[in-house]
Amino acid sequence: MKRYEVIIVGAGPSGLSAAIEAAKRGLKVVVFDENEKPGGQLFKQIHKFFGSKEHHAKIRGFKIGEELLQEADALGVEVILNATVVGLYPDKEVNVKIGDQIHHYKGDTVIIATGASENMVTFPGWTLPGVIGAGAAQTMMNLHGIQPGKKILMLGSGNVGLVVSFQLLQAGCEVVAIVDALPRVGGYGVHASKVARCGVPFYLSHTIKEVQGKDKVTGVTIHQIDERFMPIAGTEKHFEVDTVCMAVGLSPMSQLLKMAGCAMEDNPKRGGQVPLVNEYGETSVSGIFAAGDVSGIEEASSAMIEGKMAGVCVAEYLGYIDEDTKMTELKAFEKDLDSLRQGMFAPKNRGKKIEKTDEGIDISTNLLEKGYVADDEIERFPGVTHKKGVHPVIECTQNIPCNPCQDACPKKCISTGDNITYLPFVKDDVECINCGMCVASCSGQAIFLVDEDCGDGTATVTLPYEFLPLPQEGDKGYGLSRKGEKICEATVVSVKSVKAFDHTNLLTMRVPKEYAMKARFFKKAEV
Amino acid sequence: MEAKNSADVIVIGAGIIGCAISYYLRKRGKNVIVLEGSDNIGNGGSSRNGGGVRQSGRDPRELPLAMYGIKNLWPGLSEELGVNCEYHKEGNLRLGKTPEHLKILQGLTDRAVACGLDVKMIDAAEVKKINPHLSDEVIGASWCPTDGHANPLVTTLAFYKKAREMGVRFITGEKVERLRKVKGRLREVYTKDNVYEGEYVVVAAGYESRDILATVGVDVPMHKELVECLVTEAEPHMFNQMLGTAEADFYGHQSDHGSFVFGGMSGLELNNKNTGPKNSPSNAAITAPCICRGIMKYFPALEDAKIVRTWAGYLDICQDGVPVLGFVDEVPGLVVACAFSGHGFGIGPAVGEQMAMLICEGKTSVDISGLQYGRFKAKI
Amino acid sequence: MNTVVDRSKDIGEFVPQPDDDMLICRCEEITKGEIRKAVHDGMWTLTEIRRYLRTGMGLCQGQTCSRLVKGIVARELGVSPAELEPATSRSPMRPVEMKVFGSEA
């Protein structure tokens with residue numbers, strides 16, 4: 001029987017963060033993960049994260065994973081992969097399947113950071129090949145380099161549905177629609193907008209009526225539903241697709257905790273069956289902790305802080321730090337966590353209908369219902385101002401805890417004010433030098449550099465562009481509206497790709513000047 | 001006392017025994033209320049056992065019940081209850097690999113034959129003929145062709161379903177705290193918030209029976225042991241016999257579904273502890289691996305079968321290894337049916353019918369005289 | 001704490017629905033209609049449903065369907081899904097070959 005001071009189950013963001021904090025304080029740590037690669041979901045996350053500098057903001061998920069792994073490795077954490085913890089038994093003993101044997105390990109403490117699994121919803125045809133989870137689609141694309149399908153319908157407009165839809169577009173798939181039973185887009189407006197401007201239509205208050213196909217998906221029919229979620233006759237719409245992707249939420253994989261006798265609760269706000277834990281992840285069984293999605297579905301950023309808290313807790317549990325030190329450190333993490341749990345999408349606001357921003361501005365209803373801010377709504381947000389010459393236009397219209405834009409500008413021309421969730425605005429008295437750092441830094445791809453009047457009847461719009469192949473200078477095509485419709489002719493003035501932009505290319509297009517505040521994407525003309 | 005909490009008989013425990021008793025009582029026209037302490041019907045051994053419907057290997061005192069049930073009740077049970085209980089009467093092989101094993105098997109066989117059971121010793125060739133999938137190391141077995149197995153989960157729920165349909169009132173999550181005698185006869189059953197009243201009270205609550213019976217001064221000498229079972233994914237059909245071994249390394253069968261259900265022990269059962277969740281005792285880390293090794297010694301062909309689940313359950317083991325059944329002279333109105341010692345499932349229907357008969361007609365048709373309370377005496 | 005439930009409480013008649021033949025538990029091929037019928041047969045807990053029908057007893061151990069089954073049973077009983085205790089979690093968390101399970105390092 002091998003014994004460790006800390007056994008961590010799951011090498012995702014929370015598990016690795018816990019391992020790092022525990023190892024830093026001198027504990028002997030092992031992390032088991034059933035996958036062949038560590039990092040959990042981080043390695044599928046090719047988009048830039050929201051948050052503040054301290055929370056890895058504007059860093060892409062997989063990079064965060066690499067950083068965590070390096071740090072854990074440097075601290076001597078043992079990360080054992082292809083190691084399935086098959087059971088958590090009395091006395092904090094785990095059975096781990098490694099290779100073709102069962103290994104027994106005991107932990108003085110155990111941290112369960114097993115994450116979550118994807119939910120499914122049922123409709124006739126849901127078991128046909130071609131109906132897949134959004135997470136599975138992400139794995140296929142981002143880990144294995146395989147297109148999940150050619151024509152895809154996405155069910156679910158939460159952040160997962162939106163982010164994966166965008167990634168599907170990046171992978172060259174056609175996303176025919178994003179469908180959600182709720183009347184409003186569930187995820188961040190900026191995520192919705194970057195999909196909408198590529199021309200993907202949103203169908204809110206809709207659900208799948210059935211999926212057609214004999215051996216595999218060949219089509220899908222959706223219909224509108226009323227406020228009691230009952231279908232409205234005559235509202236059917238049919239799409240020919242080969243894939244239906246479901247992004248309808250996650251369920252904590254809390255089975256090990258239940259097996260170990262930890263007190264559990266069924267909490268819909270946390271995503272399902274979760275352990276009863278205190279604010280630092282301590283379960284009802286002494287020495288067993290839970291961190292990350294397993295104790296309540298949230299973001300990777302909060303999972304990492306929860307992991308850190310558990311790491312500090314086990315250090316105190318085993319006498320490596322004293323109670324006072326623990327509390328001081330936990331309080332600091334709690335503050336971090338609290339700052340992440342702010343804004344319109346904070347756990348406390350889940351399910352609430354928010355009509356005004358913190359600044360008192362009416363929320364864009366078009367954004368909530370169709371996925372993009374309408375032309376007549378955009379002007380009311382503080383990031384959208386007009387100036388002579390090139391200047392940033394920040395189409396950030398919801399209060400979310402994110403502020404990389406503030407630090408991105410070398411001239412400090414952008415500010416989110418006193419609160420990380422406030423909407424960013426452009427300072428009047430500072431000159432924009434057209435460097436593009438703000439455009440590349442915005443994880444929501446919501447910042448544009450616009451010169452509204454170049455003096456020759458044209459305007460230029462610089463936008464973030466993350467598709468291949470990259471258009472070339474001189475390419476002709478169309479300016480697309482926020483809705484993704486061709487609204488004008490456009491010519492590519494330049495495409496900038498520098499290291500500091502971290503794979504976000506800056507495409508500048510020239511459009512007729514009346515479209516300066518309307519054209520937000522470029523589509524190359526078909527030859 | 002509200003009338004709605006009264007019945008002819010109050011049955012405590014909704015396992016196979018309580019459900020079967022309530023069904024056969026209802027069939028005889030009695031009004032019955034069944035009180036189950038956990039949230040689930042059949043939460044104890046009834047849903048955790050290996051599904052054996054055996055006569056061989058049984059103590060002569062309970063063998064008549066086993067033989068009676070297999071002859072009269074099991075064959076028509078699925079039809080009677082309207083649910084397929086997956087009963088197979090295709091024999092039990094108790095396997096041996098060494099001369100010592102054969103000696104143990106011979107002893108069991110001789111005792112059963114003396115009670116009139118059709119069981120015999122067979123050699124390796126005959127074993128192979130009955131079950132060609134066994135290891136070549138098996139040198140002999142005892143063979144009882146009328147033994148078999150059924151699905152314990154479904155059988156228990158089938159009794160419940162049918163009894164409920166016929167009007168038996170089942171109340172789950174209703175843990176009995178004490179019994180109460182009124183004017184010299186047991187009449188009342190107290191739970192945290194309710195009182196139930198009946199002409200008869202049947203205590204069929206597994207090991208919990210001990211605490212319940214203690215409230216009227218009755219003590220069944222029993223203890224509990226935490227044992228485990230496991231189940232594989234569905235495999236192609238291989239055989240229908242019930243299997244066991246001379247050394248009890250494992251026991252089990254292949255279900256209609258195709259999965260193999262095997263039970264067994266690590267040897268530490270007396271002291272296995274339970275730190276598991278409510279309603280579901282925990283497994284020990286070393287038991288399932290031990291059962292697997294036991295199985296593979298006899299069934300090398302199963303080494304690639306995938307285990308999908310393991311579980312643990314308590315045996316309510318009587319001091320002398322057989323149940324306590326029937327009236328208790330000192331407490332009129334009380335009927336006891338507990339301490340089945342890990343082999344109650346197979347005799348469940350027979351116990352149910354006979355206890356109903358006892359309550360309604362005052363006597364059983366099968367001799368249960370060796371199973372009565374009051375048989376326990378000091379050894380000298 | 002267990003909850004007192006009188007299993008004779010009226011939950012209405014079983015009424016067939018058009019999508020009753022839809023598969024819910026893919027591993028064991030159990031349909032929505034079978035689950036709904038089981039509730040009317042008296043199987044009111046997820047544990048009983050699982051023992052009666054084998055939902056969630058297949059290779060995935062209910063990873064996908066347990067939430068779906070819960071929703072169906074809750075609707076049939078007229079209670080909130082959160083009121084239904086999920087079935088027990090059991091080792092092994094992933095299917096393990098007997099020769100592997102039996103080989104302890």
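Everything here comes from a predicted model, in which local features need pLDDT of at least 70 and side-chain atom pairs count only at pLDDT 80 or more, while totals for chains, interfaces and linings use all residues. Residues are numbered from 1 along each chain as its sequence is written, and chains are lettered from A and ligands numbered from 1 in the order in which they are written.

Back to the two helices. Helices (H or I, at least four residues) and strands (E, at least two) are DSSP runs, numbered from the N terminus. The axes of α1 (residues 16-27) and α9 (residues 348-361) of chain B come within 7 Å and cross at roughly 45 degrees. Such axes are lines fitted to C-alpha atoms, for helices over the stretch in contact, and angles run from 0 to 180 degrees between N-to-C directions. α1(B) and α9(B) are therefore oblique to each other, given that under 35 degrees counts as roughly parallel, over 145 as roughly antiparallel, 65 to 115 as roughly perpendicular and the rest as oblique. Residues are in contact if their C-beta atoms, placed from the backbone, lie within 7 Å.

Chain A brings in some sheets. One is an open sheet of five strands, ordered β8-β15-β9-β10-β11, with parallel pairing; two strands pair if DSSP finds at least two bridges between them. Its edge strands, β8 (131-133) and β11 (202-204) of chain A, each pair on one side only, and the twist from one strand to the next averages 20 degrees. Inside this sheet, β9 (residues 151-155) and β15 (residues 243-246) of chain A run parallel and are joined by four bridges, with V244(A) as the bridge partner of L153(A). Helix α3 (residues 134-143) of chain A packs on the sheet, touching β8 and β15, and its direction makes about 85 degrees with that of β8(A). Helix α4 (residues 159-170) of chain A lies across β9, β10 (174-180) and β15, running at about 170 degrees to β10(A).

Another open sheet in chain A has three strands in the order β12-β13-β14, this time with antiparallel pairing. The edges are β12 (206-212) and β14 (237-239) of chain A, and the twist averages 25 degrees from one strand to the next. Three bridges link β13 (residues 219-224) of chain A to β14(A), where I222(A) stands opposite K237(A).

Then there is the meeting of chains B and C, with 40 residues from chain B and 31 from chain C. On the chain C side, α2(C) gives the most, with four residues. That side has ten nonpolar, ten polar and eleven charged residues. Strand β8 (residues 169-172) of chain B also pairs with β1(C), antiparallel and over two bridges, and I171(B) stands opposite D6(C).

Terms used:
Contact = placed C-beta atoms within 7 Å. Nonpolar A, V, L, I, M, F, W, Y, C, P; charged D, E, K, R; others polar.
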